[in-house]
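Visitor: I'd like to learn how to read a structure like a tutorial, one feature at a time. Can we start with the rings?

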Number of protein chains: 2
Amino acid sequence: METKRTFGPAWRDASIVALAGGVGGSRLARGLRAAAPDARLTVVVNTGDDVTRHGLRIQPDIDTVLYAMSGIVNEKQGWGPRGDSFRCMQQLERLGGETWFRLGDLDLGIHLRRRELIDAGEPSSAITAELARHLGIAARILPMTDDPVETWVQLAEDGQWVHFQEYFVKRRTNVAIRGVRFEGIERARPAPGLLDAVASADMIAFCPSNPIVSLAPVLAVPGLRDALRDARKRGAVIGGISPLIGGATVKGPAARMLDELGHKPTAAGVAALYDDLLDVFQIDPLDRGLSGEIQARTVVADGLMRGRRGEARLARFLLRACLGAPEGAG
Amino acid sequence: METKRTFGPAWRDASIVALAGGVGGSRLARGLRAAAPDARLTVVVNTGDDVTRHGLRIQPDIDTVLYAMSGIVNEKQGWGPRGDSFRCMQQLERLGGETWFRLGDLDLGIHLRRRELIDAGEPSSAITAELARHLGIAARILPMTDDPVETWVQLAEDGQWVHFQEYFVKRRTNVAIRGVRFEGIERARPAPGLLDAVASADMIAFCPSNPIVSLAPVLAVPGLRDALRDARKRGAVIGGISPLIGGATVKGPAARMLDELGHKPTAAGVAALYDDLLDVFQIDPLDRGLSGEIQARTVVADGLMRGRRGEARLARFLLRACLGAPEGAG
C-alpha cells in the first residue's frame, strides 16, 4: 500500500521568505509555492532593475515574479506575459520614440495600472499586493523597498556609468563592466512587513538569482543583513541555490559579471558573497569539488529547474535541507 | 480642349488657419490640405477634451487630426489608428484597472511618446510638431494652448460636474447637461505662433466641429477673439462650415448639447455662437430657410463630407466662398 504523502508541521506551518531577482528567482519561488502549498510564503523581490521608460515605472523583477507565480508568464523566455505582441512599440518607433526597452501590448497593461496607482499615491508594496491579488497569487510578493533604488554599472571601456537596463537590454551585456552601484540604497527603507517577515521566518531562501545585481541590492537594503543574522540566531535556517552550474549561468550575465568584478565565476564565488549569512548552499553535482571552498554546509542536487516539476523538486530539496523531511515523506 | 485647372495666387500663396475639434475638424482640415496643397495651412486644435488616464496625457482631438492628416486614421469611425487592437486594455482590466476610456495598442504608441516628451520638458506645441513630422504631415498642427485646459460639463440630473470625457465616453452622452466650463482657460496662453498665424492669415476656417465643446474652448483662449477681429479688419475672411444639417449632427452630441444649453439646435444656432466673427457661413440645402436668421453671408452646399473627395469638395467650396475662384477654375 502506497504511503500517502502528507506534509507535517515543519513544512505546513512554516514561514518562508524567498529573496528573488527575476527569472531564476521567480522559478524557485514558484517551486516553493508548489512544494509547500500551506506554508506562509513571502517573496522579496529586487527593485534595483527598475527603470522609467516612456513615463512608466517598469519593475521587471516584480513583474517576472507576478507573471510566473500567476502562471501567465511566457515559459520559454521566463519573463513577460505569454503570447504578447508588440504593436504599440511598432507605432512608437514610427513616432520617433526609443524602443530598445521593448514593452509588449499585454505587458503594458501592468505598467499602465502601476502608473495609475503610483499617481494615486500608492507605494510599490501596496501596488504589488493589488496586482498579485488580481492575478490570484497565493503568496505575498514584496518589493525589497518602496523607495527608488536603481542599479548602475560602470563600463570598463570608458568608465561611463549607465543604468543597468541600458547595459542589460540596450547593450545586451556585450561589454565589460568594472563597477556596480545601487543608487538610492542608503536612503531605502525596507518595504513594510519585510523585516517582520524575516523575524518570523523559519527558513529564508536565497534564490538562484544574479548575486551581483539581483540579490546584492536586496541584501544592501539597510537593516536586512542584520535581520537575517538575528533570524539565524533564533534558529531560522538560510539556504541558497547556486545560480551557477559548472561555472556557467543558466540564464543571464552572472558568471561574466562575477569574473569582471574580481569574484570567482563559480558556485563558490557566489557563496562567498553570502558567506556570513548562509547555513546551507545547494550546488550542482558538477560543482561537487567546490564544497571545500564554501563556508556553508553544501548540499548537492541537480541545479537545473526543468519545467514546473523541476522547480518544485529543487524547492523541495532545499526545504528538506533546511527544515528536514516533511512528515510522511520518508 | 480641356482647361487645365491651375490654382492662382489667391489660393497658392494663401495663409489658411483652420480651427478644429476632432472628427469633423480633422476632415475639413484634410480637405483644405487637398484643395489648396500649396497654401500655408495651420490647424488649431481644441485641447479641452484632453484627459489624463493611467498617467498618460491623452489629447484626443490633436490625435484625431494627426491620424486623419497622415492617412492612418480608422476612416470608418473617424478617429484612432486603423486596424487597432485592445490587448493592453484586456490585460489592464484583468489587473483591476478602469478601462472605459479605451486606448488601443497602436494608439498607445502616441500616448507613450507624448508622455516621454512631456517628461523631457517639451510643451504640447513642440510635441505635436514632432509627432506631425514623424507622420509626414504637410501642415502645421497647433494645439490651441500649451497650458492645461479641461472641459467639464454639469449634469442636469444632479448638478454634478464631470470631466467631458466622463460624459462623452463613460456615459456616452446619455444624460442631459446644464452647464459647460473650461477649467484653466483664463490662464491659458495661446500656443506659440497661434496669434501670428491668425495675424497673417488670408482666411480662417471654422471647421464643422461641436460649437460648445470643440470650437468654444478654442475661441475662449485669451486673445484669440481679438486677433480674429483684427484679422477681419485688415481683410482676412472668416468662413464657417455648419456642423448641423437639418437640425441634426453628422457625428456627436452637438445638436443635443445646443438644445440642453438653451441654444437653437440648428445651423443658425451654431452661427449665432460665432456671430460677431463670421463673414461667411456654409449651410446645407436642407437649411436654406435659415439664412434669414444668420448674420453672416450664407452660402449653400451639401454639408456631408463623403470620403476624401467630399472633404476636398467642401473645402474647395469654402475657399472659393472666402477667397474667390482659383485661377483657371472658371
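Visitor: Which residues form one aromatic cluster with Phe164(A)?

Guide: Keep in mind that this is a predicted model. The cluster is made up of Phe164(A), Tyr167(A) and Phe168(A).

Visitor: How do I read a ring pair inside it?

Guide: A pair of aromatic rings is described by the distance of the centres and the angle of the planes. Here, Phe164(A) and Phe168(A) are stacked, with 4.9 Å centre to centre and 20 degrees between the planes. The two residues sit four apart in helix H7 (residues 164-170) of chain A, about one turn of the helix.

Visitor: Are Phe164(A) and Phe168(A) buried or partly exposed?

Guide: Phe164(A) is buried, at 3% relative accessible area, whereas Phe168(A) is partly exposed, at 35%.

Visitor: How many aromatic pairs are there over all chains?

Guide: The search of the whole structure turns up eight. One of them is Trp100(A) with Phe101(A), an edge-to-face pair with 6.0 Å centre to centre and 85 degrees between the planes. Phe101(A) counts as buried because its relative accessible area is 7%, and the cut-off for buried is under 20%.

Visitor: What lies over the face of Trp161(A)?

Guide: That would be Arg181(A), 4.4 Å from the ring centre. Chain B has its own case: the charged end of Arg181(B) sits over the ring of Trp161(B), 4.4 Å from its centre.

Visitor: Now charges meeting charges. What's the general idea?

Guide: Side chains of opposite charge can pair when their charged atoms come close. A search of the whole structure finds 46 salt bridges over all chains. Take Asp226(A) and Arg229(A), whose side chains meet at 3.2 Å, N to O. They are separated by about one helical turn because they are three residues apart in helix H10 (residues 224-233) of chain A. Asp226(A) is partly exposed at 48% relative accessibility, and Arg229(A) is partly exposed at 30%.

Visitor: Which residue does Arg256(A) meet in a salt bridge?

Guide: Glu260(A), at 2.7 Å, N to O. This pair is four residues apart in helix H11 (residues 254-260) of chain A, so about one helical turn separates them.

Visitor: Where do Arg232(B) and Asp279(B) lie in chain B?

Guide: Arg232(B) forms a salt bridge with Asp279(B), the closest N and O atoms being 2.8 Å apart. The pair links distant parts of the chain, 47 residues apart: Arg232(B) is in helix H10 (residues 224-233), and Asp279(B) is in the loop between helix H12 (267-274) and strand E13 (280-283). Arg232(B) is partly exposed, at 27% relative accessible area, and Asp279(B) is partly exposed too, at 23%.

Visitor: Which residues are linked in a network of salt bridges?

Guide: In chain A, the network links Arg27(A), Arg30(A), Glu75(A), Arg308(A) and Glu311(A).

Visitor: Last topic: how do I size up the interface?

Guide: The size of an interface is often given as the accessible area lost when the parts come together. For chain A and chain B, about 2800 Å² is buried, and carbon and sulfur atoms give 62% of that. In chain A, Arg87(A), Leu95(A) and Leu112(A) lose the most area to chain B, together 25% of what that side buries. By contacts, 32 residues of chain A touch 32 residues of chain B.

Visitor: How many salt bridges and polar contacts are found across the interface?

Guide: The rule finds zero salt bridges there, and 10 residue pairs in polar contact. Helices H4 (87-94), H5 (105-119) and H6 (124-134) of chain A each supply at least two residues of the side that touches chain B. H5(A) gives the most, with 10 residues.

Terms used. Residues are numbered from 1 along each chain as its sequence is written. Chains are lettered from A and ligands numbered from 1 in the order in which they are written. This is a predicted model: local features need pLDDT of at least 70, side-chain atom pairs count only at pLDDT 80 or more; totals for chains, interfaces and linings use all residues. Side-chain values use heavy atoms; hydrogens and water are left out. Rings of Phe, Tyr and Trp (its six-membered ring) pair if their centres lie within 6.5 Å; planes under 30 degrees apart count as stacked, over 60 as edge-to-face and the rest as tilted. Buried means under 20% relative accessible area, exposed over 50%, partly exposed in between (1.4 Å probe, protein chains only). A charge sits over a ring if NZ of Lys or CZ of Arg is within 6 Å of the ring centre and within 35 degrees of the ring normal. Contact means heavy atoms within 4.5 Å. Buried area is the accessible area (1.4 Å probe) that two parts lose on being put together, summed over both. A salt bridge is a side-chain nitrogen of Lys or Arg within 4 Å of a carboxyl oxygen of Asp or Glu. A polar contact is a pair of N or O atoms within 3.5 Å; within protein, one must be able to donate a hydrogen and the other to accept it, and residues adjacent in sequence count only if both atoms are side-chain atoms.
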